[in-house]
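Please read the points below with the structure open beside you. They are numbered so that each can be checked by itself.

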Amino acid sequence: MPLVNHLKEYRVRLGVNQQEMGALVGTSRQTISQIERGDYSPSVTLALKIAHRCNARVEDIFEYEEDEND
Amino acid sequence: MTEQKPKKSDRKTLLIFLGVIALSAVVGFFVGMGADKLADSEALANLWDRLLPALSWAVFAAYLIMNVVCLGLAWRHLRHARRAAQRWDGESEDIDQAESELSIPMLLTNAVMISNFFFFAAVFVLAEHNPFGKTGEIALYILDIAVFCVSMALVLVLQKKTLDLVKQLNPEKKGNILDARFQKDWLSSCDEAERQAIGEAAFAAMKTVSTVCLALWLISFLGCLFFKTGLLPVFCVVVIWLAQTLSYTLACRRREQGKA
């Protein structure tokens, strides 16, 4: 996946576990876990909610890396 | 040059497609000839008559073993997941592995539930051919009903326990499996990632069922032609195939129109 994320770092900085993070942004613990593992790319809405809760910009948490084939 | 490339690959795909159709026609011809020969075979008819009495109790035994093995395995996986959930401190991410184990009890219990419908009917139909006369027949009817009822009750209990554990690990989940609204409530409590997974799984299932329906149509059509099984099996397969394809297509259309 071309999306690199630093969600775990921000979550730990916030002092919440995955379940609490999910509750803060209106999603499940499993989805937070999948995002952190890079198995799921959040929608724009969810990414904005996460950034808002982490007091950061979306670009700070999620980085898009160009694929070599693009 | 760029415009020609799609045409070349289209031609190649068409040739492969026509080749598969031609090969299927040849294979179908030989399968049909073989089925015709089998249908006329007296030896096969005699073999079937000899097997029927043993089959009645053998099918019942298979029914019982299937339930014991599958429900036993489902219970084992549920217990594993429960122990992992009890050890979980709410922080560590190890729970993901235990949670993924919970799909196994659901898979097994659903398979048992559907298989029960087949075995219930099979034992009922074969009971009159059992080798122990009327007593054996009545015994099989009673045992058939008893196993069916007990198995379905166990399936419900296991599914309820599995879903209760899922809800314990994911408190935002809603729905009671004993409620008619369960699927609607559960879906409404799923987030975007879960809904995407459900959509992808539904598409994969739709593709598989379409292939299976095609194979079943072929088998039921040959059965109708050569073994006098009648048109009902063909009709049932086509109804399932149509229901699946049309409901999927109409659901996609509703989504596109924003009416989901």
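1. In which strand of chain A is A:Asn5 found? A:Asn5 is in strand β1 of chain A, which covers residues 3-5. A note before going on: the model is a predicted one. A:Asn5 counts as buried, because its relative accessible area is 18% and buried means under 20%.

2. What does the side chain of A:Asn5 reach? The side chain comes to 3.1 Å from the backbone nitrogen of A:Leu7. A polar atom of the side chain of A:Asn5 also lies 2.7 Å from the backbone oxygen of A:Ile35. With neighbours within four places in sequence left aside, A:Asn5 is in contact with A:Ile35, A:Glu36, A:Gly38, A:Ile61 and A:Phe62.

3. Next, the nonpolar cores. The largest nonpolar core holds 37 residues, and B:Tyr63 and B:Leu102 have the most contacts inside it. Five helices of chain B supply at least two residues each: α2 (42-87), α3 (95-101), α4 (103-126), α5 (133-169) and α6 (182-188). The largest share, 12 residues, comes from α2(B). Another core lies apart from this one; it has 17 residues, including A:Leu7, A:Ile32, A:Ala47 and A:Ala51. A:Leu7 is also the residue whose backbone nitrogen is reached by the side chain of A:Asn5.

4. B:Tyr63 deserves a separate look. Leaving out neighbours within four places in sequence, B:Tyr63 is in contact with B:Asn116, B:Phe119, B:Phe120, B:Val123, B:Asp144, B:Val147 and B:Phe148.

5. How many residues does each chain bring to the contact between chain A and chain B? Chain B brings 16 residues and chain A brings 18 residues. The size of an interface is often given as the accessible area lost when the parts come together. Here chain B and chain A bury about 1300 Å² between them, with 32% of it on carbon and sulfur atoms.

6. The interface of chain B and chain A has 1 salt bridge by the rule used. In it the side chains of B:Glu99 and A:Arg29 meet at 2.3 Å, N to O. On the side of chain B that touches chain A, the elements giving two or more residues are α3 and α7 (192-226). The most, 4 residues, come from α7(B). The residues of that side divide into 8 charged, 5 nonpolar and 3 polar.

7. B:Gln97 is placed in helix α3 of chain B. B:Gln97 counts as exposed because its relative accessible area is 56%, and exposed means over 50%. The C-alpha atom of B:Gln97 is 9.1 Å from that of B:Ala84, and the two residues are 13 residues apart along the chain.

8. Over all chains, the whole structure has 10 salt bridges. Side chains of opposite charge can pair when their charged atoms come close. In chain A, the side chains of A:Arg37 and A:Asp39 meet at 2.9 Å, N to O. A:Arg37 is partly exposed at 46% relative accessibility, and A:Asp39 is partly exposed at 48%. The side chains of A:Arg57 and A:Asp60 form a salt bridge at 3.2 Å, N to O. There A:Arg57 is exposed at 52%, whereas A:Asp60 is partly exposed at 28%.

9. In chain B, the side chains of B:Arg181 and B:Asp179 meet in a salt bridge at 3.6 Å, N to O. B:Asp179 is partly exposed, with 28% relative accessible area. Salt bridges with shared partners also join B:Glu172, B:Lys173 and B:Glu194 into one network.

10. A:Asn55 sits in the loop between α4 (44-53) and α5 (58-61) of chain A, and is exposed, with a relative accessible area of 70%. B:Lys228, also not a glycine, has a positive phi of about 55 degrees. B:Lys228 lies in the loop between α7 and α8 (232-256) of chain B and is exposed at 68%.

Definitions and conventions: Residues are numbered from 1 along each chain as its sequence is written. Chains are lettered from A and ligands numbered from 1 in the order in which they are written. This is a predicted model: local features need pLDDT of at least 70, side-chain atom pairs count only at pLDDT 80 or more; totals for chains, interfaces and linings use all residues. Side-chain values use heavy atoms; hydrogens and water are left out. A nonpolar core is a set of buried Ala, Val, Leu, Ile, Met, Phe, Trp, Tyr and Cys residues joined through side-chain atoms within 4.5 Å. Buried means under 20% relative accessible area, exposed over 50%, partly exposed in between (1.4 Å probe, protein chains only). Contact means heavy atoms within 4.5 Å. Buried area is the accessible area (1.4 Å probe) that two parts lose on being put together, summed over both. A salt bridge is a side-chain nitrogen of Lys or Arg within 4 Å of a carboxyl oxygen of Asp or Glu. Ala, Val, Leu, Ile, Met, Phe, Trp, Tyr, Cys and Pro count as nonpolar, Asp, Glu, Lys and Arg as charged, and the others, Gly among them, as polar. A polar contact is a pair of N or O atoms within 3.5 Å; within protein, one must be able to donate a hydrogen and the other to accept it, and residues adjacent in sequence count only if both atoms are side-chain atoms.
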